[in-house]
Amino acid sequence: MVRRLTWIFALAGAAILAGLTLALFSAESRIRIPAITALVTLAAVILSYLGGIEGGIALHEERSTEKSRAFALCLSVVPALAAWGLLWLPTTQWQVGAALALFIAVWVADLWLAHQGLIAAWFVDLRTAITAAVCVILALALYLL
């Protein structure tokens, strides 16, 4: 049940990002401007959430070594801080581009955590699929900006 819910939540987040990106096809600024703001903000929230997942995994003492869990805990604060930082970038192109890069970086961190035995293989599969979809969506948004 947890796996199914995780997939549902991940797909819902990607669908919302896709919907906001579709709104960028509109020529009307009253639609585009709020869509851009919502897209960047949601990307930052999702990145922060992903860091929180990494932190929660690192706190699970029965997994891996203490050294790898300590590194994972330190690593887990990076997505939230980087996501907060992307909100301060000077242009929406920079914000969306940084969000795209951060999704890839967090995915790479998750691959490392999985290699350390901290993340289940099914979650890596989910993260790989959803990260690919989100990167395509953000790349399209970047093109439309």
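## Helices and the α4–α5 loop

Helices, here, are DSSP runs of H or I with at least four residues, numbered from the N terminus. By that assignment, Q116 falls in the loop between α4 and α5. The model under discussion is predicted.

Q116 is partly exposed, at a relative accessible area of 25%. Leaving aside residues up to four places away in sequence, Q116 touches S64 and S68. The C-alpha atoms of Q116 and A72 are separated by 9.5 Å, although the two residues stand 44 residues apart along the chain.

L118 also lies in the loop between α4 and α5. L118 counts as buried because its relative accessibility is 2%, the cut-off for that class being under 20%. S64, a contact of Q116, is 54 residues from L118 along the chain, yet the C-alpha atoms of L118 and S64 are separated by 6.1 Å.

## Nonpolar core

In soluble globular proteins, nonpolar side chains tend to be buried together. In this model, the largest nonpolar core holds 37 residues. Those that touch the most other members are L24, L39, L47, F103, V134 and L138. Two or more residues of this core come from each of α1 (2-23), α2 (29-58), α3 (66-86), α4 (92-115) and α5 (121-144).

The contacts of L138 can be listed individually. With residues up to four places away in sequence not counted, L138 touches L39, V96, A99, L100 and F103. Among these partners, L39 and F103 belong to the group of core residues that touch the most other members.

## Nonpolar surface

M1, L5, I8 and F9 make a nonpolar surface patch of about 470 Å². F9 is placed in helix α1 and counts as exposed because its relative accessibility is 59%, the class requiring over 50%.

L81 and L5, a member of the patch, are 76 residues apart in sequence and 27 Å apart in space, C-alpha to C-alpha.

## Salt bridges

The count of salt bridges comes to two. One joins the side chains of R127 and D110, with the closest N and O atoms 2.6 Å apart. This pair links distant parts of the chain, since R127 is in helix α5 and D110 is in helix α4, 17 residues apart. Both R127 and D110 are buried.

In the other, the side chains of R30 and E28 meet at 2.8 Å, N to O. R30 counts as exposed, at 63% relative accessibility. E28 is partly exposed, with a relative accessible area of 37%.

## Cysteines

How many disulfides does a search of the whole structure find? The search finds zero. The criterion is a pair of cysteine sulfur atoms within 2.5 Å.

C74 is exposed because its relative accessible area is 54%, a value to be set against the cut-off of over 50%. C135 is buried because its relative accessible area is 12%, the cut-off for buried residues being under 20%.

Terms used. Residues numbered from 1 in each chain as written. Predicted model: local features only at pLDDT ≥ 70, side-chain atom pairs only at ≥ 80, totals over all residues. Heavy atoms only, no water. Buried < 20%, exposed > 50% of the residue type's maximum accessible area, 1.4 Å probe, protein only. Core = buried A, V, L, I, M, F, W, Y, C linked by side-chain atoms within 4.5 Å. Contact = heavy atoms within 4.5 Å. Patch = residues over 30% accessible without salt bridge, like charges linked within 9 Å, V, L, I, M, F, W, Y side chains within 5 Å. Areas by Shrake-Rupley, 256 points an atom, 1.4 Å probe, with all protein chains shown as cover. Salt bridge = Lys/Arg side-chain N within 4 Å of Asp/Glu carboxyl O.
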